[in-house]
Amino acid sequence: KRKKIAERVTSLMDKPEMIRNIGIVAHIDHGKTTLSDNLLAGSGMISMELAGKQLFMDFDELEQARGITIDAANVSMVHEYQGKEYLINMIDTPGHVDFGGDVTRAMRAVDGAVVVVDAVEGAMPQTETVLRQALKENVHPVLFVNKVDRLLNELKVDKQEMQLRLGKLIDNINKLIRGMNEEKYKAGWRVDASAGSVAFGSALYNWAISVPQMKSTGIGFGEVYDYCQVGDMKTLAQKCPLYLAVNDMVIRFLPSPLKAQKERVGVIWHGDKTSKLYKSMEGCDPHGPIAFMVTDISVDPHAGEVATGRLFSGTLERGMELFISGVAKSNRVQQTGIFMGADRVEVEKIPAGNIAAVTGLRDAYVGSTVSSNKEATPFEDIKHVSEPVVTVAVEAKNTRDLPKLVEVLRQVAKEDPTLNITINEETGEHLMAGMGELHLEIVAYRIQRDKGVEITTSPPIVVYRESITGKTTGPVEGKSPNHHNRFYIEIEPLEPEVVDAIKAGEFSMKMEELERRNILISKGMDKEEARNISGVFETNVFINMTKGVQYLKETMELMLEGFMEATKNGPICREPVQGVKAKLMDIKLHEDAIHRGPAQVIPAVRQAVQAGILMANPAILEPFQNVFIQVPQEQMGGAMSEIQGRRGMILSMETEGDMIIIKAKAPVSELFGFAGAIRGATEGRSLWSTEFAGFEPIPPAAMLETVRQIRGRKGLKTEMPKPSDYLKA
Ligand code: GDP
């Protein structure tokens, strides 16, 4: 049977108008996994009896134990609509932000999203987050209102109230869409029950229906209500099967790659719009050059690393030599395949518009652009909502496993782009930075279980940021070790709007120069400065304000290297720098290239920037998280004191049925151990999640003590460094 489905899938792959690439997104516990399972069952991928019992897309034990999805898994299925067969490529996404940024990456691969919302709870914080990510990537939403049975069985609403509540929920979703993007809202991106871009149902009981289907089948809200009330879910599931309502909606309202790529390519790729590559991507042309964006890397015990992603142009085939952004030599495609549940099925060719799984792309990372064209402009980076803010040191239990550990860490970093692996140069320790304590726990668990390396991890440590609140008085002079080259650099805060634009991915060096300049000017940067940007690292920029200097061009790469080193390991306590603008005002270079090589230029620029930061009112920033807690009224007191004991601030409290929803904010450093503590404080009856909430400055009074602690832990001398420490004569 599977083989037959595989044949139907492959026969649809080269008809882009018959394809829908979709993701299912939801707040945790709203029913995404149950919905995915039942859609698969409906398409004949797994038996109906198994659906709902077996978590088809959660194949990790840990996920099963916790009952939540960690890994994004991909599935293709065939659906018949109005007598025609369609191919639906579905990418699963995790529902918990603490697990990494997979939702964002999945959005890059798809053109449409089914937003699942619990009928009782309505839109929740992560509903908002995933909706925002979808709109940002130009991914169209449709709405599935799940758990409608709960309205009757738990809230005991009557027919009228049920309709009222559903109407209110849809209004709220549209309000969110409107608030995020008024233009899109007006251009028809809102969800509309009477048009059919909303379906109502119960994923658990396998039924769903939309307003147009109510009209065509004659089964109205009244009957749905009656079936629910007598508990006859079986009949309802036969008359209004879930997969029919949801898949029909997907096919009617979510765009095919042919339509979507016209809208999307200009948003996610900023190269030359007159190029052959752009035209081919826009037209979803299977005969054009290859443009493939990797959104997931997984390891297959037999085939090795599998790069999964979206093919925007060309046709992938085994044996092709392809170029990966940022890598000089080409990689040869070994296998091309598509997903069927957990299985990868090999197919001979994959044309533009599909989700492809490729082996042989050894140098590819999540986020890599893969092309047949060596000079291809890469896609815009996938921007994650969260940043790695928690670090643990990792050690092999047996020292002889060290080489293996190094290799395994390299591999997990490839698989999870939200993970940041570094080595502490003082101590030689391997450091692993992630989104939160839970995220790192999961990675550590996988290193042991999947990769077979026994490890120990240190207690978690917060990652700080270094920044400035003032500017240098005039340029700081950086001298090369041979004293023959001098660099004069001013340091000042980068405009906050520019910082936000970089974080949101609205601005990058990949853009064409004019587009780049215009964005910066619109964000408040001086015209002269906007014209002279030479490099961007994280949220720091290097600007060349000099004119007519000899040898400048050939020295720039080295200067940027020095700037990058200075901002990667800031001067205060070697934490990353954010929001700094460095302006090169003047420069004196030795005439002989031999005397202005890397060993001269890099340290001179690095030291000038480091000293300059210390002269510009340096500050230390600490990360915060928003915390959302759903808790029964009786347990509310326990939850509140758990937050308040952690330097937390309660932002709001709402009552929803007999549950209280608390929104709060607290420093990440205080949230360690929160999972266990809140479970204890609420007798295990709370549901909670966190979300990155940005960095905030540590009050000046506490700063020196924090600096002392961080430096001490890193084996550095504990006093606050002075500019003169970096400006060695
Ligand atoms: P996810 O975290 O979004 O993947 O949510 P799950 O699919 O794991 O569902 C969370 C919980 O809600 C599970 O206990 C499901 O059995 C339950 N659930 C899912 N759909 C429904 C539904 O339609 N009605 C009811 N009453 N419960 C549901």
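User: What stands opposite Ala199 in β6?

Analyst: Phe144 does. Before going on, keep in mind that this is a predicted model, where local features need pLDDT of at least 70 and side-chain atom pairs count only at pLDDT 80 or more, while totals for chains, interfaces and linings use all residues. Residues are numbered from 1 along each chain as its sequence is written.

User: How do you know that β5 and β6 pair?

Analyst: Strands pair if DSSP finds at least two bridges between them, and here 3 bridges join β5 (residues 140-146) to β6. The two run parallel. A strand here is a DSSP run of E with at least two residues, a helix is a run of H or I with at least four, and both are numbered from the N terminus.

User: And what joins β6 to β7?

Analyst: There are 4 bridges between β6 and β7 (residues 207-210), and these strands run antiparallel. Gly201 has Ala208 as its bridge partner in β7. The β6 and β7 hairpin has 4 residues between the strands, and Asn206 takes a positive phi near 70 degrees.

User: Why is β6 called largely enclosed?

Analyst: A residue is buried if 20 or more other C-beta atoms (placed from the backbone) lie within 10 Å of its own, exposed if 12 or fewer, and partly exposed in between. In β6 (residues 198-202), 5 of the 5 residues are buried, so the strand is largely enclosed by the rest of the structure. Val198, Phe200 and Ser202 point one way, Ala199 and Gly201 the other, and all are buried.

User: What makes Glu375 buried or exposed?

Analyst: Its count is 9 C-beta neighbours inside 10 Å, so Glu375 is exposed. Glu375 is in the loop between β17 (369-371) and β18 (390-396).

User: How does His595 count, and why?

Analyst: His595 has 14 C-beta neighbours inside 10 Å, which means it is partly exposed. You'll find His595 in the loop between β28 (580-588) and α21 (598-614).
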